[in-house]
Amino acid sequence: MNPADKSWEKLVAAARRAPARDESAPFGFSTRVAALAFSQRDPGSSIFARLSLRAAAVACILAVAAVAANFSAIKGALSDDAQTAAPDDPIGEVVDMGS
Amino acid sequence: MPDDEPFDLAGCLDRVRQRDQQAARELVEHLHPLVIRIARSHLPRRVSEEDLAQEIFLKMFTRLDQYQGAVPFTHWVSRIAVTTCIDHLRAQKRRPELRWADLSETEAQVLDSAITSENDVSPDDALEARELVQKLLDQLKPEDRLVIQYLDLEQKTIAEISALTGWNPTLVKVRAFRARRKLQRFYRDLTESERS
């Protein structure tokens, strides 16, 4: 055992001899915790939260399905936009006017 | 509830599940010594032990429906307490380096006597020794600190630590080995900072 280990052992041995502190709950602590716990565990709000989560999940699935079902239409619309947008190049027009 | 009557934990849990507030209060009173011991030994800076204990109890009540009885209830609560403390300690991010100048006069004397004297630290200095040990442990990573706390201060076995934390025994041994090495380095740095 090196000197650091030895002095550490002496320190923890002394620390173990320190008098135990009061471990009982302070006055009113259990009442406060129980009240908070039951206000958090309100069954009405937990059902609402669970239903909201389910609704959000269903909404996400529907959104993805809608995009998938209309994918070709969306893709077509995007490519049309690109084709019509290309001639509207204001910088190009300014450069052409200059030349 | 009279002190001489054994606590009916299973019955109390059933009543808590039926939203009996009196049973919830009894459960908190019964488990408070266990929870406060863990909170005190892994107390982050700037968090009061009472706030930490309250957070642990609230988590316990929130997750009560998940308790299947696979491990003793006290072990299950210990794991919640340990995880909560570790999360708080991790959130601190920075662990201050302990220098000799940071120690109180009595703590410096106790440490000096532990290093230089062949004798044990005087029982009168037990409180200072405990403070000093906590300051040294504060420099370790939360998981390392927890293992050393359980092994050296509370003298728990590897199996007991494994049950309380949910870590497998090999992981506990590896963490203990690494923690001791780091602790030796901190200890050496601290004693060197005294000389400089």
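The entries below go from one chain to the interface and then to single residues and pairs.

**Entry: the kind of model**

I note at the start that this is a predicted model.

**Entry: chain A**

I began with the secondary structure of chain A. It has five helices and zero strands. Read from the N terminus, the elements run α-α-α-α-α.

Next I looked up burial. Chain A has 99 residues, and 17% of them count as buried. I then took the surface. The accessible surface of chain A is about 7100 Å². Carbon and sulfur atoms account for 68% of that surface.

**Entry: where the chains meet**

How many residues of chain A are in contact with chain B? I found 35 residues of chain A in contact with 49 residues of chain B.

The size of an interface is often given as the accessible area lost when the parts come together. Here the area buried between chain A and chain B is about 3800 Å². Carbon and sulfur atoms give 59% of it.

Then I turned to the polar side of the interface. I counted twelve residue pairs in polar contact between chain A and chain B, with both residues at pLDDT 80 or more. Which parts of chain A supply the side that touches chain B? Helix 1 (3–16) and helix 2 (29–40) of chain A each supply at least two residues of that side. I sorted this side of chain A by class: 18 residues are nonpolar, six are polar and eleven are charged.

The rule finds two salt bridges across the interface of chain A and chain B. I looked at one of them. Glu50(B) and Arg32(A) meet through their side chains, at 3.0 Å from N to O.

**Entry: Arg40(B)**

I stopped at Arg40(B), a residue in helix 2 (residues 21–41) of chain B. Is Arg40(B) buried or exposed? Its relative accessibility is 16%, so Arg40(B) counts as buried. The cut-off for buried is under 20%.

**Entry: positive phi in two loops**

Arg19(B) has a phi near 65°. Arg19(B) sits in the loop between helix 1 (9–17) and helix 2 of chain B. Its relative accessible area is 34%, so Arg19(B) is partly exposed.

Gln155(B) also turned up, with a phi near 50°. I placed Gln155(B) in the loop between helix 7 (142–153) and helix 8 (158–165) of chain B. Gln155(B) is exposed, at 52% relative accessible area.

I followed Arg90(B). Asp87(B) forms a salt bridge with Arg90(B), and the closest N and O atoms are 3.8 Å apart. Both residues lie in helix 4 (residues 73–92) of chain B. They are three residues apart, so about one helical turn separates Asp87(B) from Arg90(B). Asp87(B) is partly exposed at 37%. Arg90(B) is partly exposed at 46%.

Arg90(B) also forms a salt bridge with Glu143(B), where the closest N and O atoms are 2.2 Å apart. Why does this pair tie together separate parts of chain B? Glu143(B) lies in helix 7 and Arg90(B) in helix 4, so the pair ties together parts that are 53 residues apart in sequence. Glu143(B) is buried, with a relative accessible area of 9%.

**Entry: another pair and a network**

I looked up Asp138(B) and Arg145(B). Their side chains meet in a salt bridge, at 2.5 Å from N to O. Asp138(B) counts as partly exposed, at 24% relative accessibility. Arg145(B) counts as buried, at 3%.

Salt bridges link Arg15(B), Asp20(B) and Glu26(B).

Key:
Residues numbered from 1 in each chain as written. Chains lettered and ligands numbered in written order. Predicted model: local features only at pLDDT ≥ 70, side-chain atom pairs only at ≥ 80, totals over all residues. Heavy atoms only, no water. Contact = heavy atoms within 4.5 Å. Buried area = accessible area lost by both parts, 1.4 Å probe. Salt bridge = Lys/Arg side-chain N within 4 Å of Asp/Glu carboxyl O. Polar contact = N/O pair within 3.5 Å; in protein donor to acceptor, adjacent residues only side chain to side chain. Helix = DSSP H or I, 4+ residues; strand = E, 2+ residues; numbered from the N terminus. Nonpolar A, V, L, I, M, F, W, Y, C, P; charged D, E, K, R; others polar. Buried < 20%, exposed > 50% of the residue type's maximum accessible area, 1.4 Å probe, protein only. Areas by Shrake-Rupley, 256 points an atom, 1.4 Å probe, with all protein chains shown as cover.
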